Amino acid sequence: MTERAQAIRNVVIVGGGTAGWMTAAALARLLGGTGLAITLVESAAIGTVGVGEATLPQIRRFNSLLGIDEREMMARTAATIKLGIEFRDWGRVGDGYIHPFGRFGQEIGPASFVDYWARAHARGMVAPIGQYCLPIMAALQGRFEPPDASGTRQPYDYAFQFDAGLYAAWLSEHAQSAGVVRREGRIVDVARNSESGAISAVSLEDGAAIRGDLFIDCSGFRALLIGETLETSFEDWSNWLPCNRAFAVPCANGGDYGPYTRATARAAGWQWRIPLQHRVGNGLVYCDAFWDDADAAEALMANLEGEPGAEPRQLRFTTGRRSALWRSNCVAIGLAGGFLEPLESTSIDLIQSGILNLVELFPHTAIEETDRREYNRLMDLEFERIRDFLVLHYVANQREEEFWQAMRAMPLPDSLSARIEDFRERAILPDYADGLFQPVSWISVFLGQNVVPRRWDPRADAMDADELGKRLAAIHGKIADDAAAMPLHLDFLERAGARY
Ligand code: FAD
């Protein structure tokens, strides 16, 4: 037996939503050889949150770590390809841009492409930046082809829009075939060690007690262990991200296989549209201080582009996170740890980071303070970076409504105000060596919402203007040709054997 197996033998996962089953499948696959026993408890009577259809490209890495065949996963979960998110009406009504999973332009000299673009833009001699990005041009034409390894096309990545319930069910099969034990039932009591305060067992309604050494709280917004039991405080970030309610409703697909998610700004929030193979997921996220429920539901239903498949369902939330995601012998993953609203589809990605950080810091002998501290530091950073990026969407607006005016006037986190000023003044971008949103993401939102640099890298001025015009036109033409040569997304799904 390994040292690890002697110390932490029993892991109990509380909750069988996307977070619970992703955690179970990953732990079984990545730590399965260490003698770990994994039990997952879920309650059909309580159910899951039932939303969460749009993902980020990192999910592909997760699937591949689990040995999941991507095309089979697509067929099982009614998935479509996602090349980015289209933001409509966010800067001003009528504006639109796509935040792509790719890059803009290519290297044309010592300055970055965005510096050359900013110089040309200031002289009115350049197309919108999105036209220099292959996944954007493909998305707008409803086309898709996997990235080209030969290097002849601009590189890009992609994610999926899928039925999260089917994804969790599929992972549940993977996890159980890798040895995870599933227990059905409602947890009614949590026992703690009288000296250390650590959780020792959870008890079900039928009286069964499930003992564990490490507990993973995937119980959703209820935060049964990290919140209710361990009383870890919740850091409320509503002052920066005030939207606190949503209505969700599916509608008929009607032949829309657009390989991207859409987020349209509305009077006091925004509306999502996520085309899957068997339906389109829709929802309206809003702030109840500016929009009452009935008006918000009406706005959602009035803007559906298809026959509704159900009545709109309301969800309530508070944006923020637990002050510690790993406390005592409990790690919170998923909604139990925090929620930053679904604007950039970051929740499933945060689940993934939570799992992978846990795997890397999994206790060797006993749970050490060092493991917890490092885990919490990494997750705090991830949450804060995502928060700043989301806030940028709200603050960089020029809309008239009261909600949007209030968003413009909000006091920003220090980390964000400097970043906006740096870009506006001189096209300086955050230098993240790692982390979720890289410079391309920031460029998309800045330029898409009219934060345009006043100055740029002076090396971009060194190129002769005609030469710059020619180079930009050549890149533009090549990207347009490459996008037009791709198959339609639907044809790709057929050919790849990825139809639901
Ligand atoms: P849940 O799905 O709520 O699962 C909780 C589990 O705990 C359930 O199995 C439940 O039965 C169990 N449980 C709870 N209490 C008990 C108990 N006492 N006993 C036994 N079992 C119990 N994420 C994205 O990445 N992309 C998106 O597009 C996206 N859109 C969203 C839109 C909205 C409006 C909201 C609110 C969220 C969205 N999310 C999105 C987030 C996403 O839905 C969640 O991150 C994801 O579903 C994971 O949820 P979870 O597993 O943490 O919780």
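Predicted model: local features only at pLDDT ≥ 70, side-chain atom pairs only at ≥ 80, totals over all residues.

Me: Is Lys82 buried or exposed?
Reply: Lys82 lies in strand 3, which covers residues 80-82. Leaving aside neighbours within four places in sequence, Lys82 is in contact with several residues, including Ala54, Thr55, Tyr158, Phe160 and Tyr260. A residue counts as buried when 20 or more other C-beta atoms lie within 10 Å of its own, and because Lys82 has 28 of them within 10 Å, Lys82 is buried.

Me: Which residues does Leu56 touch, not counting residues up to four places away in sequence?
Reply: Leu56 lies in the loop between strand 2 and helix 3 (58-65), and with 23 C-beta neighbours inside 10 Å it counts as buried. Once residues up to four places away in sequence are set aside, the residues that Leu56 touches are Ala159, Ser345, Thr346 and Asp349.

Me: Which helix gives the most to the shell around the ligand?
Reply: The ligand is surrounded by 38 residues, and the closest are Gly15, Gly17, Gly52, Gly220 and Gly334. Helix 2 (18-31), strand 2 (37-42), strand 13 (245-251) and helix 10 (347-360) each supply at least two residues of this shell. The most, three residues, comes from helix 2.

Me: How many residues of the shell around the ligand are charged?
Reply: Sorted by class, the shell has 18 nonpolar residues and 16 polar ones. The remaining class is that of the charged residues, and the number in it is four.

Me: Why does the ligand lie between domain 1 and domain 2?
Reply: The chain is divided into domain 1 (3-53 + 163-235 + 319-377) and domain 2 (245-316), and the centres of domain 1 and domain 2, taken over C-alpha atoms, are separated by 30 Å. The ligand lies between them because the shell around the ligand receives residues from both domain 1 and domain 2.

Me: How many residues of domain 2 are in contact with domain 1?
Reply: On the domain 1 side, seven residues take part in the contact. The residues of this side divide into three nonpolar, one polar and three charged. The number of domain 2 residues that they contact is 11.

Me: Which residue takes a positive phi in the hairpin of strand 8 and strand 9?
Reply: Strand 8 (residues 187-192) and strand 9 (residues 199-204) pair in the antiparallel sense over five bridges, and Val190 stands opposite Val202 in strand 9. Six residues lie between the strands of this hairpin, and the one with a positive phi, near 80°, is Gly197.

Notes
Residues numbered from 1 in each chain as written. Near = placed C-beta within 6 Å. Helix = DSSP H or I, 4+ residues; strand = E, 2+ residues; numbered from the N terminus. Nonpolar A, V, L, I, M, F, W, Y, C, P; charged D, E, K, R; others polar. Domains from an automatic or database assignment. Buried ≥ 20, exposed ≤ 12 C-beta atoms within 10 Å, placed from the backbone. Pairing = 2+ DSSP bridges.
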